[in-house]
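Please look through the sequence and the 3D model shown here.

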Amino acid sequence: MNRSPTLSIEGKPWGNVALIALLVVLAGGLLALHTGEWEWRDPGAERWLLAIAVLAAWAGFTAWTGWSRRRAMHSQMLSAPSSGTPQGEAVLIAFASQTGTAEQLARQTAQSLQLAGMAVSLIELGTLDGDALMQATRVLFVVSTTGEGDAPDSAARFVTHCMRAPLPLGQLQYGLLALGDRDYDDFCGFGRQLRHWLQQSGAHALFDAVEVDNGEPAALRHWQHYLSLLSGATELPDWERPDYQRWQLIERRLLNPESLGGPCFHLAFRPMDGEATWQAGDLVELGPRHAPDDVARWLAAPPYDGDVLIEHDGRRASLRDWLAGSHLPCFDDVRGRTPVDVVRDLQALPHREYSVASMPSDGSLHLLVRRMVRADGKTGLGSSWLTEHVDVGAEVALRIRNNPGFHAPPDRRPLVLIGNGTGLAGLRALLKARIDAGHSRNWLLFGERQATRDFYHRDEIEQWLRDGHLARLDLAWSRDQVTPAYVQDRLRAAADELTQWVSEGAAIYVCGSLAGMAPGVDAVLREALGEVELERLREHGRYRRDVY
């Protein structure tokens, strides 16, 4: 966000205009000299004037050709579908930039999706009209805010022509990256206006809006996390590597043996350097590593000595250690290269995100992680490393990330907590925070596959219910009956009580699966409370989600 009004002429060839004007003036003077209309006392003046005119002509021509080349490249990049993917399936990326930051992030967004094999089309928001938007199916908006909550100058046409009233956008799925500055009262003002207008127009959010304070790297990594979910590519490189700290895995316990779903583990960590603190609702960013056997197989092929020590970027480690935390190169790309050359060109594995499941008062940081299995039958790199390959007692690279959008309410208001699967992690931390604060008006709705296998932290939750820390507990088990029951079904059945809780000031927090659960719960909330009321809750921070 700009701190003061600015005049932006980015992308406009004003310098070329000035050079051409100078060229015209000088040429006119030269012509007048030759025709006798000017009389010069200095006999060398004509030669100087001619030299200046030639120089101006050359500068003007160079600037014009450079500007033309940049414009051509700009036009080419504004429509850049990935090869092999039909243009009609392209994700539209619309940006509104005042100083160029939003445009840069939009281009990085496009590049990330292209790396994942998706088609994209990049466009400035001010050139997007209502007809095109009504035909689009997926749009990612990357917008900044200028002044006191205003749209960038380049988006003025879109605001005037499209946002005056809602459009029929029921077919549209969208994502929103909003840039702002918390020093201003109307933080991300235009981004929030755009989100409100899209919701009024019936558009459906692909995921929750990401708001960025002054280019905060952690928020941008969260946006990249959503891009990975959208594209299905978990190995997209980080735009900026997290500043990890040294932590130690101190406990790993399987919570659901013989489950019909993937195995879920309770993991506990402690910092190796000093103390650490966090709030309920915060996230961790964790640097995954390859399984030792995978690294050993790679080293055996060229072959390389994995124990050779290599110093790079101020760090000294073995080749084996460098490879463990990086994308393993193709053998053809390293043939004949030295270990130093290999390390220099390595690309670090991207981070993984998890919801914190504990409070500092528990004495350690807890996670709830499911070992994921991909469509090809291989296990997910990050989850398999955490749940199978890293030894208890070993060091891990981990960073706590503040997530204020999912922090517990500071007062005693009622709290409705809804989630499924490993989403229980974030809800568990919130419940612990509420219990520590003496707030007992808590309602938990949780869903999984089987009650006998997948009721994570069952003893703890049932004890909370007996002790009065939980006012109500609703459980949904999708595989325990002929007709599956999901958490949104339990919520619909309790619609009258939900309405009563909301009328008494309750906040609603949702944590868990972005596919299935989150949109299902959102639909039930709209049925029970109405579109207007749910949007009011969102605007007042009483409807919050941590979905993935």
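This is a predicted model: local features need pLDDT of at least 70, side-chain atom pairs count only at pLDDT 80 or more; totals for chains, interfaces and linings use all residues.

**A walk through the model**

Just after helix α18, G530 has a positive phi of about 95 degrees. Helix α18 itself covers residues 517-529, which is 13 residues. From its first C-alpha to its last it reaches 18 Å, close to the 18 Å expected at 1.5 Å a residue.

Which residues of α18 are buried? They are M517, A518, G520, V521, D522, V524, L525 and L529.

Now take the whole protein. It contains 19 helices and 19 strands. Of its 548 residues, 49% count as buried. Among contacts between residues at least 6 apart in sequence, 76% join residues at least 24 apart. The accessible surface comes to about 26,500 Å², and 52% of it belongs to carbon and sulfur atoms.

Next comes a sheet. Six strands make up an open sheet with antiparallel pairing, in the order β12-β9-β14-β7-β8-β13. The edges are held by β12 (352-355) and β13 (365-370); each has a single partner strand, so one side of each has no neighbour in the sheet. From one strand to the next, the twist averages 40 degrees. Strand β8 (residues 264-271) and β13 run antiparallel and are joined by six bridges. In one of these pairings, C264 has R370 in β13 as its bridge partner.

Helices lie against this sheet as well. Helix α12 (residues 381-389) packs on the sheet and touches β7 (245-254), β8, β9, β12, β13 and β14, with its direction at about 60 degrees to that of β12. Helix α7 (residues 217-231) lies across β9 (283-287), β12 and β14 (395-401), and runs at about 105 degrees to β14.

The last stop is helix α13 (residues 424-436). How many of the residues of α13 are buried? Twelve of the 13 are, so the helix is largely enclosed by the rest of the structure. Among the buried ones are L424, R428, K432 and I435. Their cover includes the edge strands β12 and β13, along with β15, β16 (442-448), α15 (458-467) and β18. After α13 comes G438, whose phi is positive, near 80 degrees.

Terms used:
Residues are numbered from 1 along each chain as its sequence is written. Side-chain values use heavy atoms; hydrogens and water are left out. Two strands pair if DSSP finds at least two bridges between them. Helices (H or I, at least four residues) and strands (E, at least two) are DSSP runs, numbered from the N terminus. Axes are lines fitted to C-alpha atoms, for helices over the stretch in contact, and angles run from 0 to 180 degrees between N-to-C directions. Contact means heavy atoms within 4.5 Å. Buried means under 20% relative accessible area, exposed over 50%, partly exposed in between (1.4 Å probe, protein chains only). Accessible areas come from the Shrake-Rupley method with a 1.4 Å probe; for residues, only the protein chains shown count as cover. The expected span of a helix is 1.5 Å times one less than its number of residues.
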